[in-house]
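Colleague: I'm new to this one and would like a slow walk through it. Could you show me how to read the features one by one?

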Amino acid sequence: MELPDGGGGDLLVANEAVANVANQEELRLQRLREWLQMCGVQFRGCEIKPSDEDAGLGVFASRDNAQGVLMVTPLYLAITPTSVMQDPDLGPYFMRLMEESQVDDLDDDHVDDRLLIILFLVIERARGRFSFWAPWLDVLPTEFRTTIFFSDEELLELEGTHLFQATKTRLRSLKSSFETRAKPFADNVLSCIKAERREVEFQDFLWANSIFWTRAKSIPCPRSVVFPDQPTVLPASQSLQLGTASTDLQLDKAFPETTDSQIATNGIGTCSEYEFDSQIATNDIETCSEYELAPCPSLADENDMVVSELSSDWIEAPSAADDEDVMNPSTISVEGLVPGIDFCNHDRMALALWEVDGPKGSETGVPNSMYLVSLRPEPGVPYGEEIFISYGSKSNEELLFLYGFVLEDNPDDYLMIYIPAQALEASDCSETKKQLLNELKLPLRYLVPSSELRRGFYEELNLDSMPKIPLTGHSWTGHRKTSPLANKVVFPEDLLTALRIVAMGEEEVYRVASMLEDISDPEAGRIPTNADIRAAVWEVCGNSGAFQLLVDLLTSNMMALEKGTGTEAMDAELLAKDGKARSQIKEQSHSDRVIKGDEPSDCNLLSDNKRASVIYRMGQKRLVRGFLQEAEMALEVCLDHVSSD
């Protein structure tokens with residue numbers, strides 16, 4: 001085939017550039033493998049190499065029919081709060097930081113374990129070749145598709161969704177934390193040790209934050225690992241010629257005196273980046289939830305509420321454990337990064353999971369280690385196949401915010417329904433309603449799985465096979481009866497109770513208060529129970545007010561979504577055109593037509609970020625539409641039932 005003038009030279013230069021990049025990547029990968037093995041990581045049927053799924057590096061079967069334990073990483077290689085505090089170079093600095101943070105804790109200005117690890121990553125990255133962790137850091141992703149990395153134009157693709165405001169709020173929080181806490185600390189530490197750079201930038205902080213949230217795990221460690229009598233020394237630690245620094249450091253130089261105005265009051269966050277309070281699934285952490293209804297349902301900025309809900313239960317935890325070594329009272333869950341196993345990518349149909357072997361090393365022969373074990377039955381994982389783990393049952397909202405990808409037709413999607421703080425504040429007798437919500441520990445937001453729609457009014461299912469879910473407790477008078485169609489209502493009873501309370505009028509509030517007062521006898525120690533409160537609210541309010549408020553909330557939600565990014569049909573059209581453009585490009589990549597200007601038109605091709613945004617927001621519109629239909633039907637049935645009584 002004849003190329004246009006100059007085409008041969010340009011193509012040759014381009015090919016040489018590609019080859020050079022490939023060679024550099026292979027050198028870094030080889031350096032990583034050697035470093036991991038020197039640090040005690042054992043590869044027993046797998047290897048780390050580039051993934052075919054545009055996901056950076058992955059873990060692949062290195063032999064045919066790979067089974068059993070595939071990789072083992074000693075826990076002394078894990079980056080945890082304990083290891084950071086014991087680091088020979090940086091430990092003294094972080095010890096001083098934690099001491100100062102504890103002194104400042106009365107001002108809510110403290111450094112939690114997550115921020116500790118993130119700061120460690122920021123500094124080690126800036127050290128470059130002087131870092132012990134350089135071979136690992138050099139191959140970690142440098143770009144992310146999570147929403148905090150979206151451009152302003154890309155972020156507009158999320159307008160009307162929870163992620164739109166949550167991302168903007170999160171970025172403000174991170175920027176404040178960086179400017180007031182992270183940068184002063186990191187820059188001063190870097191001025192005292194061997195490092196390639198003396199200053200860090202906000203992008204370094206965003207990078208470290210994303211590395212933590214996409215790779216950290218909740219490790220069930222034996223207490224002896226978390227609180228060792230003697231610090232663990234990494235094998236051949238600083239003899240890698242990666243650079244070292246004296247531990248006799250100028251600590252005062254790293255901690256200049258600061259005024260109160262220079263100290264951040266909102267670090268990384270005490271508990272979360274994006275708090276999803278969903279059921280913890282395989283490989284998920286159980287941590288604290290930032291959302292507590294005390295003294296009232298956190299009637300602070302609504303955006304802050306959404307962000308706080310979108311992340312505590314997020315770090316991967318094992319689905320099972322060594323019952324002899326791990327599942328015992330001497331085990332402590334510690335969040336951290338585990339080089340080696342952290343290169344496993346996600347798939348809902350996982351081929352492996354990770355576990356922790358205890359002090360006896362009964363599973364791997366390596367005491368206090370994390371290991372990757374195959375789930376594939378005989379004959380095992382074939383050679384060259386990527387070995388995925390599952391990050392758990394995650395909605396697209398979670399996946400996009402923390403990992404930067406989405407799944408089409410995600411079966412684990414859910415809709416977040418939250419009652420705006422303003423609706424409660426503006427209602428009659430708001431203080432009494434807050435007290436009732438507090439007593440019942442009812443939050444203002446609820447996650448309703450998409451799977452609930454399968455048992456609703458609009459789904460043709462055999463309802464006799466569905467679990468019976470009563471909408472209410474008992475009726476005090478017997479006059480308030482539950483509709484015979486109650487089992488078709490897809491919304492959780494806690495949500496409906498919260499809606500009943502918020503929707504109550506002044507007269508209804510007084511009636512509920514009077515009923516509860518009638519059964520109260522403080523001198524005899526008789527106070528209303530939660531069941532009493534729920535029964536009184538149900539007796540007075542029923543469901544009509546709750547369902548009407550729910551219809552209004554979902555209608556408003558749909559209007560916001562469509563105002564921001566159009567209708568569900570418009571999103572479907574964008575994806576259809578994008579799919580056609582991608583198919584054309586894929587077909588051409590297998591053809592011989594490489595002459596410049598012969599490419600198919602890509603005017604309908606969406607960027608990866610925009611495509612992920614469209615898939616996510618279309619799923620949200622579909623869920624809002626489905627749950628709105630259910631709420632409208634429930635309201636109609638409820639009103640019909642009331643009128644027939």
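Colleague: Let's start with the strands: how many bridges join strand 1 to strand 4, and do they run parallel or antiparallel?

Modeller: Some ground rules before that. This is a predicted model, in which local features need pLDDT of at least 70 and side-chain atom pairs count only at pLDDT 80 or more, while totals for chains, interfaces and linings use all residues. Residues are numbered from 1 along each chain as its sequence is written, and side-chain values use heavy atoms, with hydrogens and water left out. As for pLDDT, that is the predictor's confidence in each residue, from 0 to 100. Strands (E, at least two residues) and helices (H or I, at least four) are DSSP runs, numbered from the N terminus. Two strands pair if DSSP finds at least two bridges between them. Here, strand 1 and strand 4 are joined by two bridges and run antiparallel. In that pairing, Gln42 sits opposite Val72 of strand 4.

Colleague: What sheet do these strands belong to, and in what order do its strands come?

Modeller: An open sheet of four strands, with the order 1-4-8-7 and antiparallel pairing. Strand 1 (42-43) and strand 7 (352-357) are its edges, each pairing on one side only. Strand 4 (residues 69-74) and strand 8 (residues 369-374) also run antiparallel, joined by five bridges. There, Val69 stands opposite Val373, and Pro74 has Ser369 as its bridge partner.

Colleague: How many residues of strand 4 are buried?

Modeller: Buried means under 20% relative accessible area, exposed means over 50%, and partly exposed is in between (1.4 Å probe, protein chains only). Strand 4 is mostly covered, with six of its six residues buried. Over the 645 residues of the chain, 49% count as buried.

Colleague: Which elements cover the buried residues of helix 17?

Modeller: Nine of the twelve residues in helix 17 are buried, among them Ile533, Val537, Trp538 and Cys541. A contact means heavy atoms within 4.5 Å. The cover over the buried residues of helix 17 includes helix 14 (430-440), helix 15 (493-503), helix 16 (506-518) and helix 18 (544-565). Turn to helix 14 and you find helix 17 in its cover, along with helix 13 (421-425), helix 15 and helix 16. The buried residues of helix 14 include Leu436, Leu437 and Leu440. Just past helix 14, Lys441 has a positive phi of about 55°.

Colleague: What about aromatic rings: how many aromatic pairs does a search of the whole structure find?

Modeller: A pair of aromatic rings is described by the distance of the centres and the angle of the planes. Rings of Phe, Tyr and Trp (its six-membered ring) pair if their centres lie within 6.5 Å; planes under 30 degrees apart count as stacked, over 60 as edge-to-face and the rest as tilted. The search finds 14 such pairs. One of them is Trp133 with Trp136, edge-to-face at 6.3 Å centre to centre and 65° between the planes. Trp133 is buried at a relative accessible area of 5%, and Trp136 is buried at 0%. Ring pairs link both into a cluster with Trp35, Phe94, Phe120, Phe132 and Phe185.

Colleague: Is Glu124 buried or exposed?

Modeller: Glu124, part of helix 4 (residues 113-127), is buried, with a relative accessible area of 2%. Beyond its neighbours within four places in sequence, its contacts include Asp87, Phe132 and Trp133.

Colleague: Last one: which elements have the lowest and the highest mean pLDDT?

Modeller: Helix 10 (residues 251-254) has the lowest, 38, and helix 5 (residues 134-137) the highest, 98. The chain averages 79, and 73% of its residues score at least 70. Over residues 461-474 pLDDT stays under 50, though the model has 24 contacts there beyond four places in sequence.
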